[in-house]
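Let's take a walk through this structure together. Have the sequence at hand and turn the view as you read.

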Amino acid sequence: MQDDLPPGAASPAPLDPTQPARRQKVLLVTGMLGAGKTTVLRVLEDLGWEIIDNFPVRLLERMIEGKPSDDPSPLAIGFDCRTRGFNPERVIAQVKALGERADLEVTTLFLDCSSKELERRFNETRRRHVLAADSPVDSGIRAERELLAPLRRWADILIETTEFTSNDLQRAIRERFVTDEPEDLTITVSSFGFSRGMPPLADFVFDMRFVENPHWDSELRPMTGQDAPVGDYIRKDPAFDEAFARIRDLLLLLLPRYRAQGKAYLHIAFGCTGGRHRSVYTAEQMAAALREAGFSPTLLHRNLGSRAADLLEGGNSRRGPVA
């Protein structure tokens, strides 16, 4: 009441019944060990989230109650099978109860990965699996997968990271959880080598292996698609100019429509065998064409620094008759 205020204190601002109360965003990040939880939390922190890792989930409600009401930052809490008192069924029941509160927006993100890839990652880092202290790592992964199965089925968001690089996972998290809406369509134009795997997050993939391969010219082989002699060689292929023009026109037709639909990010990838010549040159030329049309693409070359290896190009080798 007004009469109960201390001398000199300002009256509290009246509540506006027409404005909904701000809900505290809470993201629970869990999943298989080695699937990328640390990377996810690091990216979320960069995006302005408050981060807590390896937090006992049973204390979640108490921790939320202690968060200052004037702190608008969303909260991301990481936990996994190493967390003290971890019990998937209990976690699900607790989060269900929290999700019924009008002042909270609780989401669960589960990170999964194939067992074979997880085993490779553990062996590569020489880490022991927490559930396989005295047995092979694959037995620990099997036990963990069985333990986490209820949580995986129940999670709101599932991200499969088997084919992801660290950069791929970071990009996926930024696209899904960025708090500020981008002002315009963010375009990435990239080059890559099919011999080193497809980019998992590309919206468009164009295969440039139909173009004559500069790799088979001994003078051009050490160069890349950023060198003028390589560009001149590629331009001499009678199919290149027409194919490039058609791809450019297709993109110029579709990009404004994606923008109108509210799409925030678009990744256009060009591939060749090794990712050093044809794809690099095409990506450079396409980025320039898009800039000329008024867009502002980011240009990335995934495999530009990779070794030019005859084994990678072997599938396109020009073999003469067998003697």
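Leu 111 stands opposite Ile 159, a residue of strand E5. Keep in mind as you look that this is a predicted model. Strand E4, residues 104-112, runs parallel to E5, and four bridges join the two.

Now widen the view to the whole sheet. Five strands make up an open sheet with parallel pairing, and their order is E2-E3-E1-E4-E5. Which strands stand at the edges? They are E2 (50-53) and E5 (157-160); each has a single partner strand, so one side of each is left without a neighbour in the sheet. On average, and ignoring direction, neighbouring strands here are turned by 20° against each other.

Helices come next. Helix H3, spanning residues 88-99, packs on the sheet and touches strand E1 (24-31) as well as E4. The direction of H3 makes about 145° with that of E4. Helix H5, residues 137-154, lies across E1, E4 and E5, and runs at about 140° to E4.

From here, let's turn to the aromatic side chains. A pair of aromatic rings is described by the distance of the centres and the angle of the planes. The structure holds eight aromatic pairs. One of them joins Phe 192 and Phe 194, with 4.8 Å from centre to centre and 65° between the planes, an edge-to-face arrangement. Both Phe 192 and Phe 194 are buried.

How are the rings of Phe 240 and Phe 244 arranged? Their centres are 5.7 Å apart and their planes meet at 25°; stacked pairs have planes under 30 degrees apart, so this pair is stacked. Both residues belong to helix H8 (residues 240-260), where they sit four residues apart, about one turn of the helix.

For a last stop, look for a group of four rings. Phe 204, Phe 206, Tyr 258 and Phe 270 form one aromatic cluster.

Conventions. Residues are numbered from 1 along each chain as its sequence is written. This is a predicted model: local features need pLDDT of at least 70, side-chain atom pairs count only at pLDDT 80 or more; totals for chains, interfaces and linings use all residues. Side-chain values use heavy atoms; hydrogens and water are left out. Rings of Phe, Tyr and Trp (its six-membered ring) pair if their centres lie within 6.5 Å; planes under 30 degrees apart count as stacked, over 60 as edge-to-face and the rest as tilted. Buried means under 20% relative accessible area, exposed over 50%, partly exposed in between (1.4 Å probe, protein chains only). Two strands pair if DSSP finds at least two bridges between them. Axes are lines fitted to C-alpha atoms, for helices over the stretch in contact, and angles run from 0 to 180 degrees between N-to-C directions. Contact means heavy atoms within 4.5 Å.
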